Amino acid sequence: MLEPIIVTVLPVLFLFVLFGGGALMRRRNIDMDGKAPINKVLFVTSKYAIVLLWAVMVIQGWGVRLLPLSSPYLLTRIALGAWGLGFLLLLSGRLGLGASFRIGSAKEQTGLKTEGLFRLSRNPMYLGVYATLLATVLYTVNPLVLLVAVYAVAVHHQIILAEEAHLRTVFGDEYAQYCQRVGRYL
């Protein structure tokens, strides 16, 4: 009974922090919605694809199987570990960005974050997303889930490349030096 609760609580907690933080930012006249750094349709559909896959994980966590296949015990445990790690990275990254967090590229000046998790990865939140998608694929052993996850990862890699170009423009040498010290993913 603990497994479905854990599988459910983590994305709900993250979405609460994400949207609750957005409400707090709006009260401080900060617009959390940035500019889509790539084609807006791809950008938006990739974000919804992630939430859809999280919902599939939650549904399967409660015992509703989309396919008659079951993930082997060890694969399920690996998936749950990746799920937990992914949401830890997502939550830590979101909180670490504070008022600089945007969904997309910031429309106004923000600060370059290089502390905390950002000392180890320039994109800890994207790593978290990738870990949750991997978890969903392993947990569901569903080829359609795999295809949607591959789509989301491919689009998000393009988002990262576009965001990096934006950050190079905004922060110049400071960002270039940061890129030399810290890898895109690890």
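Is Y185 buried, partly exposed or exposed, and what is its relative accessible area? Y185 is partly exposed, with a relative accessible area of 22%; here buried stands for under 20% relative accessible area, exposed for over 50%, and partly exposed for what falls in between (1.4 Å probe, protein chains only). The structure is a predicted model, in which local features need pLDDT of at least 70 and side-chain atom pairs count only at pLDDT 80 or more, while totals for chains, interfaces and linings use all residues. Residues are numbered from 1 along each chain as its sequence is written, and side-chain values use heavy atoms, with hydrogens and water left out.

The protein chain holds five helices and zero strands, where helices (H or I, at least four residues) and strands (E, at least two) are DSSP runs numbered from the N terminus. Along the sequence the pattern reads α-α-α-α-α. The radius of gyration of the protein chain is 17 Å, which agrees with the value near 16 Å that a compact globule of 186 residues would have; the radius is taken over C-alpha atoms, and the globule rule is 2.2 Å times the number of residues to the power 0.38. Along the principal axes, the C-alpha atoms fill a box of roughly 50 × 35 × 30 Å.

Of the 186 residues, 45% count as buried. Contact means heavy atoms within 4.5 Å, and among the contacts with a separation of 6 or more, 85% come from residues 24 or more positions apart. The protein chain exposes about 10000 Å², of which carbon and sulfur atoms supply 69%; these areas come from the Shrake-Rupley method with a 1.4 Å probe, and for residues only the protein chains shown count as cover. As for charge, there are 17 positive and 9 negative side chains, and the centres of the two sets lie 5 Å apart. In this count Lys and Arg are positive and Asp and Glu negative, with His and the chain ends not counted; each charge is placed at NZ of Lys, CZ of Arg, CG of Asp or CD of Glu.

The aromatic side chains come next. Rings of Phe, Tyr and Trp (its six-membered ring) pair if their centres lie within 6.5 Å, and planes under 30 degrees apart count as stacked, over 60 as edge-to-face and the rest as tilted. By this rule the count comes to six aromatic pairs. One of them joins F14 and W54 edge-to-face, at 5.9 Å centre to centre with 85° between the planes. F14 lies in helix α1 (residues 2–27) and W54 in helix α2 (residues 40–61), so this pair ties together parts that are 40 residues apart in sequence. F14 is buried at a relative accessible area of 4%, and W54 likewise counts as buried at 4% relative accessibility. Another pair, Y130 with Y185, is tilted, with 5.7 Å centre to centre and 45° between the planes. Because Y130 lies in helix α4 and Y185 in the segment after α5 (143–181), the pair ties together parts 55 residues apart in sequence.

L15, in helix α1, counts as partly exposed at 25% relative accessibility. Leaving aside neighbours within four places in sequence, L15 is in contact with G20 and W54. L15 and V51 are 36 residues apart in sequence, and their C-alpha atoms are 9.4 Å apart in space. V56, found in helix α2, is buried with a relative accessible area of 12%. Not counting residues up to four places away in sequence, V56 touches L66, T140 and V145. The C-alpha atoms of V56 and R26, 30 residues apart along the chain, are separated by 31 Å.

Two loop residues complete the picture. S105, in the loop between α3 (73–97) and α4 (124–140), is buried with a relative accessible area of 9%. S105 touches G34, K35, P37, E163 and H166, again not counting residues up to four places away in sequence. V141 is found in the loop between α4 and α5 and is partly exposed, with a relative accessible area of 24%. The phi of V141 is near 40°, a positive value in a residue other than glycine. Most residues other than glycine have a negative phi.
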